[in-house]
Amino acid sequence: MKKRCLVLVTVDCLRADHVGFLGYRRPVTPTLDSLAAQSVVFEDAIVAGAPTYFSFPGIMASRHPLSLGRTVLGIAPQESTLATALHDSGYRTGAFVAGNPYLTARFGYDQGFDEFRDFMTAAAATELMPGAHVPLSKLNRWIDEVSHRNRVAGASYDELYFWYCQWRSSRQRVSLDGLRRYPAADVLVDHATDWMRGLGEEDFFLWIHLMDPHHPYYPPTDAMMAVGAPAVTAQRARFLNSFWNRGDIGPTRWQKYRDEILSLYDAGIYWVDKQIGRLIKILQSLGRWDETVFAVTADHGEEFLEHGVRYHSPVHLPEELIRVPLLIRAPGLGAAKIESVFSHIHLAPTLLDSVGAVVPPTFVGRSRWGEISAGQLSPETVVVECLDGCNNPFQVKDRIRPRLLAVRDREHMLTIRFGENRETFSSVKEGRENEASASAKKKYAQFVRRAGEHVKLATRNRRSQTAMRARIRELRYEGGSGIEMEIGPKTGG
Ligand SMILES: [Zn+2]
């Protein structure tokens, strides 16, 4: 049987309610919206964890992010993944990742790929590292330290210092392209195209990870105009990003710039959408489109003060972070809307099944391809997990934080903070806590049981050899190179 090619596009920070085919009003995703009209659209796709480093083990290796132990990050050496399975089936495999430091060879994401380009540059790596600010001079450091001995003086110093930095940078000539920290989607599509052109007739698996909606938000100028946002100069975009990034103020002051920040974010989404359109045209021109399964999803969403915080820090697991867009377009498969909850855990086995490849036995998820083809998915209760407040997984001390776990179905969600022994049970739609109805109480009890089973199973099934290999790799980085990165709090990957 002639095999099919597989293309997986993952978009960093793309939340479900900012794509047109899931109801967003602003026209930022015309390509995806028309693709959705010929695809299977999952209205309630839920990540296995958030942010990037807790999400991708689910996407690539079909397992829960903490199932190898909380000190293991990424894909373990020799662990089976979507890429290794396809490689073993005779596929040519290529990955083009737009400079996300958590999706690199260090964390095993190159496994199974013939071609792996992570576009890591010093600029991208340091920018994603929270707290990597312009170093203070010795005098400034002293004033900073002295003024912070008093709360009011400290706040005044922070305020003055922020505006001083703004004044200084306002005198520099900058462009949006020059400020951008990650290669834009067009660059990734260009590189992927060159790779595909060199393949001839061979079957391939292409993974592209795009960072355009990730902060700092510096979209191309064309994208700003296309989403109907007021024209923003590079200076203004830099000011907005700097202000939004301030850790010394609170939501009331951030709120003032929220709409402008959202426009920058949406413009990043628009650019991703436009480049996905270009990628589809290229696949068509190469004569590959009719034999390609094409999937688009995100590793997690993004918050814009809905709960008082910004970015995508795993300090809680709200809808804005855990619900993502997901569509699968496959030749011969009609359009359908799947209302049931779908966990990313099932994505890799489902995609493997869609191209007729063998699903590795280590995958925790199962193929839902048969159900999808029939247009009906059985309802499910899914688990999302991360480490509470782990913003800097390069540091081991951040990786031994307590677990934060959510159990969710279409109507309800239970969140358990293991560190504080605290839980909340709420309705997904209304976000209301502690429903008192009899059916809600019954479901609450079921969810608590499910959480307990999840934790128990994770411990029992832990593959110690696999986990050990990952720990050895990590020790090599920590001890060998001495590059455990010194970075502060805040945003995750
Ligand atoms: Zn991410």
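This note goes through selected features of a predicted model, point by point.

1. **Helix H17, span.** Helix H17 covers residues 438-460. It has 23 residues. From its first C-alpha to its last it reaches 33 Å, close to the 33 Å expected at 1.5 Å a residue.

2. **Helix H17, buried side.** Which residues of H17 are buried? They are Ala 440, Lys 443, Phe 447, Ala 451, His 454 and Ala 458. An α-helix has 3.6 residues a turn, so residues three or four places apart point the same way.

3. **Cis peptide at Pro 51.** The peptide bond that joins Ala 50 and Pro 51 is cis. Its omega is about 0 degrees. Pro 51 sits in a loop, with strand E2 (40-46) on one side and helix H2 (52-61) on the other.

4. **Cis peptide at Pro 216.** His 215 and Pro 216 are also joined by a cis peptide bond. Here omega is about -5 degrees. Pro 216 belongs to the loop between strand E5 (204-210) and helix H9 (221-226).

5. **Positive phi at Ser 62.** Ser 62 is not a glycine, yet its phi is positive, near 50 degrees. The residue lies in the loop between H2 and helix H3 (82-88). Is Ser 62 buried or exposed? Its relative accessibility is 0%, so Ser 62 counts as buried.

6. **Positive phi at Gln 78.** Gln 78, again a residue other than glycine, has a positive phi near 70 degrees. Gln 78 is in the loop between H2 and H3. Its relative accessible area is 64%, so Gln 78 is exposed.

7. **Nonpolar surface patch.** Leu 139, Trp 142, Ile 143 and Val 146 form a nonpolar patch on the surface. Together they have about 390 Å² of accessible area. Trp 142 is placed in helix H5, residues 138-147. Trp 142 counts as exposed because its relative accessibility is 55%, and the cut-off for exposed is over 50%.

8. **Cysteines.** How many disulfides does the structure hold? The count is 0. Take Cys 13: the closest cysteine sulfur belongs to Cys 386 and is 15 Å away, so it is too far for a bond. The cut-off applied to a sulfur pair is within 2.5 Å. Cys 13 has a relative accessible area of 0% and is therefore buried. Cys 5 is buried too, with a relative accessible area of 0%.

9. **Salt bridge Glu 474 to Arg 106.** The whole structure has 28 salt bridges. One of them is formed by the side chains of Glu 474 and Arg 106, at 2.9 Å, N to O. This pair links distant parts of the chain, 368 residues apart. Glu 474 is in helix H18 (residues 464-481). Arg 106 is in the loop between strand E3 (92-97) and strand E4 (115-117). Glu 474 and Arg 106 are both buried.

10. **Salt bridge Arg 408 to Glu 319.** The side chains of Arg 408 and Glu 319 meet at 2.8 Å, N to O, in a salt bridge. Arg 408 lies in strand E13 and Glu 319 in helix H13 (residues 319-322), so the pair ties together parts that are 89 residues apart in sequence. How do the two partners stand in accessibility? Arg 408 is at 1%, so it counts as buried. Glu 319 is at 23%, so it counts as partly exposed.

11. **Salt bridge Arg 403 to Glu 385.** Arg 403 forms a salt bridge with Glu 385. Their closest N and O atoms are 2.6 Å apart. The pair links distant parts of the chain: Arg 403 is in strand E13, Glu 385 is in strand E12, and they are 18 residues apart. Both Arg 403 and Glu 385 are buried.

Methods
Residues are numbered from 1 along each chain as its sequence is written. This is a predicted model: local features need pLDDT of at least 70, side-chain atom pairs count only at pLDDT 80 or more; totals for chains, interfaces and linings use all residues. Side-chain values use heavy atoms; hydrogens and water are left out. Helices (H or I, at least four residues) and strands (E, at least two) are DSSP runs, numbered from the N terminus. The expected span of a helix is 1.5 Å times one less than its number of residues. Buried means under 20% relative accessible area, exposed over 50%, partly exposed in between (1.4 Å probe, protein chains only). Patches are made of residues with over 30% relative accessible area and no salt bridge: like charges are joined within 9 Å, nonpolar side chains (Val, Leu, Ile, Met, Phe, Trp, Tyr) within 5 Å. Accessible areas come from the Shrake-Rupley method with a 1.4 Å probe; for residues, only the protein chains shown count as cover. A salt bridge is a side-chain nitrogen of Lys or Arg within 4 Å of a carboxyl oxygen of Asp or Glu.
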